Amino acid sequence: MKNPVEIKIQIDPQCHDPVILIRTDQKTQRVEDIVHAIETCTNSSYPLIVGYRDSEMELLSQRDITRAYVEARKVRICVGKEVYESNKSLSFLEQQLNPDRFIRISRFEIANIRKIASFDFSTTGTVYIRFDDGSITWAARRYVRAIHQALSRIEAGKEE
Amino acid sequence: MLWKKATLLGLAGFVIGAAIVICLVLLDSQPLQGAFAHIVIGGIYGAVAMGSSVVYGIEKWSIARATATHFLLVFALYFLLVISMGWFRLSDPVFWIVVGAMVAVYILIWLIQYLSYRRQIREMNDELIKWKSGNS
């Protein structure tokens, strides 16, 4: 095996919950994969989400989901450029999704805050959200404060 | 949901509008009986002004669209009532002063909301940049 990951375990009586620290010189895909793997086995309370595409069922990792929204009375889930359908309601999905990662941005949509690239405010007064994959959506103004607070929490904690 | 909220706000607006007219009539030392139509009209104006404020809660609508819609509804009613009740004529400068004041108030409402949200969006972008650069 090339470049095996060195794993050290440090016993600390003060530390009741395990803390995982990854030391690396840069954030590569490999590091992302390690984080993903750790999250998958520790975040058992946040399950994989069931999505359907071309009548085939797929289990979607919450980490990969960009947003979930209602369109034509159907709930759709975006994973990058792929769009899946869900047979659950948006409210049900919201309960299943990790609140540290997902936030309501309108009555019709939930977004993965960690996949947001930027916010834009148009001259007419519409809030737009641009995601890392280039997709764009709008957010309701009444959710702006909540989005801001969630961002501040993440920034303060420097999570992920 | 929106209609329910509009109805409740409209009812509150009716009471407030009617109460304002009653106060004005009493301040003018006029009998209330003779001012019944004016009290009802004041109530209707309050009901429309407050009830239609629900347009600000329509999520898909921009601030400009919500403000313009509310202004047009309130202005249209003002125009109809003022002309039909004979309160002012179009040649009366007071009519146009009120119109000017309404336009100024609505521009101010839009501007305050616009600047407030723009500042918040800027702060959010700053935090996003800080967080992303701290993790890159």
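Analyst: In this predicted model, B:Ile41, B:Tyr45, B:Val48 and B:Ala49 of helix 2 of chain B meet a set of residues in helix 3 of chain B. On the helix 3 side, the partners are B:Leu73, B:Val74, B:Leu77, B:Leu81 and B:Met85. Sorted by class, this contact has 9 nonpolar residues, no polar ones and no charged ones.

Now the geometry. Two packed helices are described by the angle between their axes and by the distance between those axes. Helix 2 of chain B covers residues 36-51. Its axis and that of helix 3 of chain B lie 10 Å apart, at an angle of about 170°. Angles over 145 degrees count as roughly antiparallel. Helix 2 of chain B is therefore roughly antiparallel to helix 3 of chain B.

Helix 3 of chain B also has a part in the contact between the chains. That contact takes 21 residues from chain B and 23 residues from chain A. On the chain B side, helix 3 (63-85) and helix 4 (93-135) each supply at least two residues. Helix 4 of chain B gives the largest share, 15 residues. By class, the side of chain B that touches chain A has 8 nonpolar, 7 polar and 6 charged residues.

Next, the partner chain. Chain A has 3 helices and 10 strands. From the N terminus, its elements run α-β-β-β-β-β-α-β-β-β-β-β-α. Its C-alpha atoms fill a box of roughly 55 × 40 × 30 Å along the principal axes. Chain A has 160 residues, and 21% of them count as buried. Take the contacts in chain A between residues at least 6 apart in sequence: 41% of these join residues at least 24 apart.

Strand 3 of chain A (residues 67-71) shows how some of these strands pair. It runs antiparallel to strand 4 of chain A (residues 74-79), and 5 bridges join the two. Within this pair, A:Ala68 stands opposite A:Ile77.

How values were computed. Residues are numbered from 1 along each chain as its sequence is written. Chains are lettered from A and ligands numbered from 1 in the order in which they are written. This is a predicted model: local features need pLDDT of at least 70, side-chain atom pairs count only at pLDDT 80 or more; totals for chains, interfaces and linings use all residues. Two strands pair if DSSP finds at least two bridges between them. Helices (H or I, at least four residues) and strands (E, at least two) are DSSP runs, numbered from the N terminus. Two residues are in contact if their C-beta atoms, placed from the backbone, lie within 7 Å. Ala, Val, Leu, Ile, Met, Phe, Trp, Tyr, Cys and Pro count as nonpolar, Asp, Glu, Lys and Arg as charged, and the others, Gly among them, as polar. Axes are lines fitted to C-alpha atoms, for helices over the stretch in contact, and angles run from 0 to 180 degrees between N-to-C directions. Angles under 35 degrees count as roughly parallel, over 145 as roughly antiparallel, 65 to 115 as roughly perpendicular and the rest as oblique. A residue is buried if 20 or more other C-beta atoms lie within 10 Å of its own, exposed if 12 or fewer, and partly exposed in between; C-beta atoms are placed from the backbone.
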